[in-house]
Protein chains: 2
Amino acid sequence: MVKFSAGINKESIIDVEGFVRTVDQKIESCSQHDVELHCEQVWVVSSAAPRLPLLIEDAVRPETDDALATVNQDTRLDNRILDLRTTTNQAIYRIEAGVCKYFRDYLMEKDFIEIHVPKIISAASEGGANVFTVSYFKDKAYLAQSPQLYKQMAITADFDRVFTIGQVFRAEDSNTHRHLTEFVGLDLEMAFKFHYHEVIEVIGDMFVHIFKNLRDNLQEEIETVGRQYKSEPFKFLEPSLVLTYKEGVRLLRDNGVDMGDEDDLSTPAEKLLGRLIKQKYDTDFFILDKFPLAVRPFYTMPDPTDKKWSNSYDMFMRGEEILSGAQRVHCPDLLSERAKEKGVDLEHIKSYIDSFRYGAPPHAGGGIGMERVTMLFLGLDNIRKTSMFPRDPKRLTP
Amino acid sequence: MVKFSAGINKESIIDVEGFVRTVDQKIESCSQHDVELHCEQVWVVSSAAPRLPLLIEDAVRPETDDALATVNQDTRLDNRILDLRTTTNQAIYRIEAGVCKYFRDYLMEKDFIEIHVPKIISAASEGGANVFTVSYFKDKAYLAQSPQLYKQMAITADFDRVFTIGQVFRAEDSNTHRHLTEFVGLDLEMAFKFHYHEVIEVIGDMFVHIFKNLRDNLQEEIETVGRQYKSEPFKFLEPSLVLTYKEGVRLLRDNGVDMGDEDDLSTPAEKLLGRLIKQKYDTDFFILDKFPLAVRPFYTMPDPTDKKWSNSYDMFMRGEEILSGAQRVHCPDLLSERAKEKGVDLEHIKSYIDSFRYGAPPHAGGGIGMERVTMLFLGLDNIRKTSMFPRDPKRLTP
């Protein structure tokens, strides 16, 4: 039996019959220290090929451990089913499932209703850039870049508070550490009573709920990931820190960044802002409120007291944007006016504007990238580590 | 104020300030019988257009009430945000959210892990029929017709038990009451220890969990839907009824249907079988096990004792199929052999077959159509009633 067992290829699946016995001396080399298994019979259920394209022990090794073999990202992704067997990946996707669970749990508790919205759409809502086209019988259609219009329609259809989890498609030719052509959007939208800050508060609390539950319920998984990919534990405040865009820009200027009041934040400026806020407030999560109107899409509600600003916000983890949201314009006349000011063709967005003609409550919302939240919570360096089967301009398999 | 209020267009959104007062005599004409509202001020938050394309009171009227106006399906769908405001639709989509919630709750309790799998794929896995093509930068890609391969890869990647909820795309030119080109799949897959009946048992119990919780927690919503669309309450057994295909065919033959042992079930035969089983066993839900191998896809595991049959099953609600599933072939050699027997080109499925070369446990699973489950649980006659924004060969909007 020993000889037979020695000949079984690595990664094969076996059944073992035997007895579990306690031991006198602690076993140091296994994760079970107090018992050992006395095999009586061994069967091979499914034999692995004799040569593996990667070894699990190499795939789980910290990249800093440079004396020994590690596995590069493309080899991992090309042989994803082996790569996913590492303890690290087993932990990462349990944490990602947690992100979805705690997102839903919080929102359902707050009377949000889960909805499902179409991914094949008839018109590219945001002007047609970066959109995938689909052949639809004899017609042409598009893949949705966001569920936003449909969330908003659910709100105008009296659902009051909705969320949806689903694929989001971006035909952007970006080959960076944080872009995918297909990712999972955690989207929410809600009508509010007095002020869009009610919505910021709900979303901020929701993130605290997610972070706390990951920290408390998936501690072992977080530690497992940390053994391969070192990072500082994720820090957050309760309630969440909210700064205005103006305050953010001031903090950047005080630290040598040359930018105007209404300039958009560049990616390096975002990163720096994250570091400055971490130093000053000791948090990896914060909300930036009241963006300049000029840098936001036409459907963003202008600040009623000063049209230079808007009722819109981004949220950041470790200095990277993970949510972009706003109060939406719910009045069809203002929406047309804003579209014209932004140079958007009214013909293309007619049905969007018309959907507010039968009574629409003031509402706000936002969309979160699931893979980004998981990546940044764990302090990972590449979004391909948190997408089980990632899609980018160069990768469509497996 | 009375005059002002009388002039507000129907379906506008208003704010009212006033006092709630108890009344001496029960108010019969409202849903609140014991209190009334004394308005002091009324504001219009969002005014609806004066002419509505449909009236909510018409849209909520039972279709049998033929003396009064009702709204046909295309008018409803063309004006979906108004149509969704009916009490019936408010109830339907709360029940549909329940279907997803109870599906997840049951599976997470049983240690299933939620995963997300890509919708843009590089090859049409089932031969290329009925698949939508997407232009992917300079290449061509496809929309996934099923998450099956990815669920199976997660199983071979040691995740043991997984589920995924997401869009499924079918480029079928079917304009029936139960086909959509895009629907929500509730998919699960699990490795088993001894027999694929372990999986049938889990899925059967899961349906019981869903049905019970809908019945007990969404009673008011179910009654609301019933007021517009009459139907018999949905009946089920605990544990679920499991019949073999052979037994199903015998029941049909005993009732005058002329069919061979290995013939596939036609849609009318399915319907009839549903009625016969309802009469005999008093259940609207049952499982049909051990389909003829000839009518199932190449990746279905043959019955090890008789290759005429297979380890596969369908599940039915009110005589319509809502789940199709099977034990999958996990051995690459057998998979190649079966593909050849079925005339499937091995070149096209090479990567599928290769994914079982590094050790794959015996596993089985299935996929459920969310909209069908909701439709059939409520006894509705059209799947467009349970898809918030349905897609079919003729409808891409809203």
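# Notebook: the A/B interface and some backbone details

I began with the area buried between chain A and chain B. It comes to about 6300 Å², and carbon and sulfur atoms give 65% of that. The model is predicted, and I kept that in mind throughout.

Entry: I laid chain A on chain B. I then checked whether the two copies use one surface for the contact.

**Entry: contact residues.** I looked up how many residues each chain brings to the contact. Chain A gives 74 residues and chain B gives 75 residues.

**Entry: polar pairs across the interface.** I searched for residue pairs in polar contact between chain A and chain B and got 32, with both residues at pLDDT 80 or more. Which helix of chain A gives the most to the side that touches chain B? I noted helix H5 of chain A, residues 87-109, with 9 residues. I also sorted that side of chain A by residue class. It divides into 43 nonpolar, 15 polar and 16 charged residues.

**Entry: salt bridges.** I searched the whole structure and found 58 salt bridges over all chains. Across the interface of chain A and chain B, the rule finds 4. I looked at two pairs that join chain A to chain B.

- Arg104(A) and Glu114(B) meet through their side chains, with N to O at 2.9 Å.
- Arg85(A) and Asp158(B) also meet in a salt bridge, with N to O at 4.0 Å. This pair crosses between chains. Arg85(A) sits in the loop between helix H4 (80-83) and H5 of chain A, while Asp158(B) belongs to helix H6 (residues 148-159) of chain B.

The cut-off matters for the second pair. The rule asks for N to O within 4 Å, and I have 4.0 Å for Arg85(A) and Asp158(B).

**Entry: domains of chain A.** I took the bounds from the domain assignment. Domain 1 covers 1-51 and domain 2 covers 88-385. How far apart are the C-alpha centres of domain 1 and domain 2 of chain A? I have them 48 Å apart.

- In chain A, the bond from Thr397(A) to Pro398(A) is cis, with omega near -5 degrees. I placed Pro398(A) in the segment after helix H13 (370-377) of chain A.
- In chain B, the bond from Glu238(B) to Pro239(B) is cis, with omega near 0 degrees. I found Pro239(B) in the loop between helix H8 (219-228) and strand S9 (241-244) of chain B.

**Entry: positive phi.** Is the phi of Asp282(A) positive or negative? I read a positive value, near 55 degrees, in a residue other than glycine. Asp282(A) lies in the loop between helix H10 (267-281) and strand S10 (285-289) of chain A.

Terms used:
Residues are numbered from 1 along each chain as its sequence is written. Chains are lettered from A and ligands numbered from 1 in the order in which they are written. This is a predicted model: local features need pLDDT of at least 70, side-chain atom pairs count only at pLDDT 80 or more; totals for chains, interfaces and linings use all residues. Side-chain values use heavy atoms; hydrogens and water are left out. Contact means heavy atoms within 4.5 Å. Buried area is the accessible area (1.4 Å probe) that two parts lose on being put together, summed over both. A polar contact is a pair of N or O atoms within 3.5 Å; within protein, one must be able to donate a hydrogen and the other to accept it, and residues adjacent in sequence count only if both atoms are side-chain atoms. Helices (H or I, at least four residues) and strands (E, at least two) are DSSP runs, numbered from the N terminus. Ala, Val, Leu, Ile, Met, Phe, Trp, Tyr, Cys and Pro count as nonpolar, Asp, Glu, Lys and Arg as charged, and the others, Gly among them, as polar. Domain bounds come from an automatic or database domain assignment.
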